[in-house]
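Work through the exercises below with the sequence and the model in view. Each task is followed by a solution in steps.

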Amino acid sequence: MLETRDAQAEAVIERLHEEYPDSTISLNYTNRLELLVAVVLSAQCTDERVNEVTESLFETYQSAADYADADEEQLAEDIYGITFHNNKAGYLKAAGQIMVSEYDGEVPDTMDGLTELPGVGRKTANVVLQHGHDIVEGIVVDTHVQRLTRRLGITEEKRPEAIEQDLLPIVPESEWQQFTHLMIDHGRAVCDARNPDCGECVLADICPSEKGDGDIDLASGESWE
C-alpha cells in the first residue's frame, strides 16, 4: 500500500481507468423515470435481472402516473423475478403518487426530494442525480465500492454513508461519478467477495489485502481461507 490514502486512491483510479476505459452504468434506461425505477429495482438484485424485467415493464409503465394508478398486485407480478418484488411494487406505486402530487409527474432533482421517495436512499439518489440530472454531489457506495475501498486500504469505515463521507475528501471531485463504475467493474471482473483473483489484479502490488502478502481480507476483517 502507498504511504497515504490520497496516493492510494490516486493510483487505484489511474490503473483502473487504464483497465476499464469504457466503464459506465450497466442499467438500461432512456429517461429519468426509467433510471429511477431501474435503480430502485436493483437493490439486492443483479443489474442483468433488472434489465430483463424492465424491457417489458417500461413498455407498460411510461409515466409517474402509470405507477401511481397501478394495481399494486399487478405491478408486483410485472416485476416478478426481482428481489423483494412485492415490497418494491409498493415503493414504485407510492413514489409515483408523490411525483404526481408534488413534482408534476417529474423525477425530483435534489437529494432531499429523491430520498423522500419510498425505496430511495442516498445511494439510489446519487445515481439518479448523476445520470439523470448531471448533478454530482457525492459518491455512490454500493457493495462493490464498500468491499473494494476497505480491501484496498482506502477506508476503514464500514457503513456506506460513513464510507462515502470518508472518500469525498480523498477522491478528486472530477472522479466521484466514475470512481463507482471503476470499482464495480473491477469487483465483478477480478475482485469478487469470496475468491478474488489476485494473480490477475492490476492493483495487487499496492493492495494490503493481496493474498500473497496479506493474511487478512480488510473488507471483512477475516483471514483468507
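Cysteine 198 counts as buried, because its relative accessibility is 16% (buried means under 20% relative accessible area, exposed over 50%, partly exposed in between, with a 1.4 Å probe and protein chains only). The model is predicted, so local features need pLDDT of at least 70 and side-chain atom pairs count only at pLDDT 80 or more, while totals for chains, interfaces and linings use all residues. Residues are numbered from 1 along each chain as its sequence is written, and side-chain values use heavy atoms, with hydrogens and water left out.

**Exercise 1.** Find how many disulfides the structure holds, and state which cysteine sulfur is nearest to that of cysteine 198.

Solution. Step one: a disulfide is a pair of cysteine sulfur atoms within 2.5 Å. Step two: the structure holds 0 of them. Step three: for cysteine 198, the nearest cysteine sulfur belongs to cysteine 207, 6.4 Å away. Step four: cysteine 207 is in no disulfide either, and its nearest cysteine sulfur is that of cysteine 191, at 6.4 Å. Cysteine 207 is buried, because its relative accessible area is 13%.

**Exercise 2.** Describe how α2 is covered and what lies at its N-terminal end.

Solution. Step one: helices (H or I, at least four residues) and strands (E, at least two) are DSSP runs, numbered from the N terminus. Step two: in α2, 10 of the 11 residues are buried, among them Leu33, Val37 and Ser42. Step three: these buried residues pack against α3, α4, α6 and α8. Step five: just after α2, glutamine 44 has a positive phi of about 60°.

**Exercise 3.** Identify the residues that touch the most other members of the largest nonpolar core.

Solution. Step one: a nonpolar core is a set of buried Ala, Val, Leu, Ile, Met, Phe, Trp, Tyr and Cys residues joined through side-chain atoms within 4.5 Å. Step two: the largest has 37 residues, and Leu57 and Tyr67 touch the most other members. Step three: α2 gives the largest share, 8 residues. Step four: beyond its neighbours within four places in sequence, leucine 57 is in contact (heavy atoms within 4.5 Å) with Val37, Leu41, Tyr67, Leu75, Asp78 and Ile79. Step five: a second, separate core of 28 residues includes Ala11, Val141, Val145 and Trp176.

Conventions
A polar contact is a pair of N or O atoms within 3.5 Å; within protein, one must be able to donate a hydrogen and the other to accept it, and residues adjacent in sequence count only if both atoms are side-chain atoms.
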